[in-house]
Amino acid sequence: MKTQMSNTELIIIGGSAGSLQVIMEMIKKIDENMNFPIVLVVHRKAYSTSILPTLLQQFTSMKVIEIEDKTELQNNEIYIVPADYHLLFESKNTVSLDSSEKMNYSRPSIDVTFKSAAEIFGENLIGVLLSGANADGVEGLKYIKKNKGKVWIQNPETAEVDYMPKQAVGQVDYDLLIEPRDLAELINQL
Amino acid sequence: MNKKKILIFDDDKVILEVISIIFEEGGYDVEISETSHDIIQKVSAFQPDVILMDNWIPNIGGVEATKLLKSHEEYKNIPVIYVTANNDIVALAASAQADDYVAKPFNLDDLEEKVAKHIKD
């Protein structure tokens, strides 16, 4: 049961190596009445096929959608940023894809999407950073905090690759250190 | 009881990560490889019960890698399930002498079912 009205309008989850296990566990247990969309920014190879949405769709009846340019985000749906594009927010429900230079050796870059969303959603954004092997996302989390949003970081001790969450924990004034098994429940309580 | 072993060749880390999780949760012992380099040594070291082989696996490709395995006296009987998004999947699997095939993007339940079918008790 939800204990309070949530102001959350968007959750962005960023991750790299080792993050899919956490994402899969979350998707299996998440309530299907979210009052906001979830956007997944997961590093993958430039030429990756669009198999990830198909795979993740098999764990939920919520729609899992690979974002296209100008996709309009809807509540209670899960979106995946396609390989080889940055995701930028134009408004609260309109996004664009961008193929400009890689950031932190990454495209999509978690930083790019965190920063873009922070400017538009302010305190109503939650940025989540999971397991990964580089520091992409850390600067974006700082920007989310600067714009009064909330920052959740996977406990590095539980991360398959702890570099990314370790960097974030060391540099960002986070709100929550999350255990993978608790992520769905934390979202369900919003 | 010893865990059944599955060796997965695919150059897509996303696929390797997701399939590994699924099969590990299903009680399998999983080994992965992003290349077919040293395939015989990898099979020799892990002794899999079944192999999933991607068509575009770097080094020599899925067809040649499977043929190599199927020409090896000791390992030719290990079932190889060929995995590809290519429309010519039936011909490719036959050319590789694979035992079965699964088209990408696959349904995870179907994949598990196919793997189970080829693993001997």
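Throughout this passage, a residue is called buried when its relative accessible area is under 20%, exposed when it is over 50%, and partly exposed in between, using a 1.4 Å probe and protein chains only. The structure is a predicted model, in which local features need pLDDT of at least 70 and side-chain atom pairs count only at pLDDT 80 or more, while totals for chains, interfaces and linings use all residues. Residues are numbered from 1 along each chain as its sequence is written, chains are lettered from A and ligands numbered from 1 in the order in which they are written, and side-chain values use heavy atoms, with hydrogens and water left out.

Helices (H or I, at least four residues) and strands (E, at least two) are DSSP runs numbered from the N terminus. Helix α3 (residues 61–70) of chain B has seven of its ten residues buried, so it is largely enclosed by the rest of the structure. Those buried residues are B:Gly61, B:Gly62, B:Val63, B:Ala65, B:Thr66, B:Leu69 and B:Lys70. They pack against α2 (39–46), β3 (50–54), β4 (80–84) and α4 (89–96) of chain B, where contact means heavy atoms within 4.5 Å.

B:Glu64 is partly exposed at 41% relative accessible area, and B:Lys67 is partly exposed at 30%. Elsewhere, salt bridges that share partners join B:Asp10, B:Asp54 and B:Lys104 into one network.

Turning to chain A, helix α5 (residues 163–171) has A:Met164, A:Pro165 and A:Ala168 buried. Viewed down the helix axis, the buried residues fall within an arc of 90°, so they line one face of α5(A); the arc is that of the directions from the axis to the C-beta atoms. Their cover includes β1 (10–15), α3 (110–121), β7 (125–129), α4 (138–146) and β8 (150–154) of chain A. A:Lys166 forms a salt bridge with A:Asp162, at 3.4 Å between the closest N and O atoms. A:Lys166 is partly exposed at 49% relative accessibility, as is A:Asp162 at 32%.

The whole structure holds 16 salt bridges over all chains. One of them joins A:Arg107 to A:Asp84, with the closest N and O atoms 2.8 Å apart. This pair links distant parts of the chain, 23 residues apart: A:Arg107 sits in the loop between β6 (95–98) and α3, and A:Asp84 in the loop between β4 (78–80) and β5 (86–89) of chain A. A:Arg107 counts as buried at 18% relative accessibility, whereas A:Asp84 is partly exposed at 23%.

Finally, the two chains meet in a contact that takes 16 residues from chain B and 17 residues from chain A. About 1,400 Å² is buried between them, with carbon and sulfur atoms giving 66%; buried area is the accessible area (1.4 Å probe) that two parts lose on being put together, summed over both. One salt bridge is counted between the chains, and it brings together the side chains of B:Glu25 and A:Lys28 (3.1 Å, N to O). On the side of chain B that touches chain A, α1 (13–25) and α5 (108–118) are the elements that give two or more residues. The largest share, seven residues, comes from α1(B).

Terms used: Salt bridge = Lys/Arg side-chain N within 4 Å of Asp/Glu carboxyl O.
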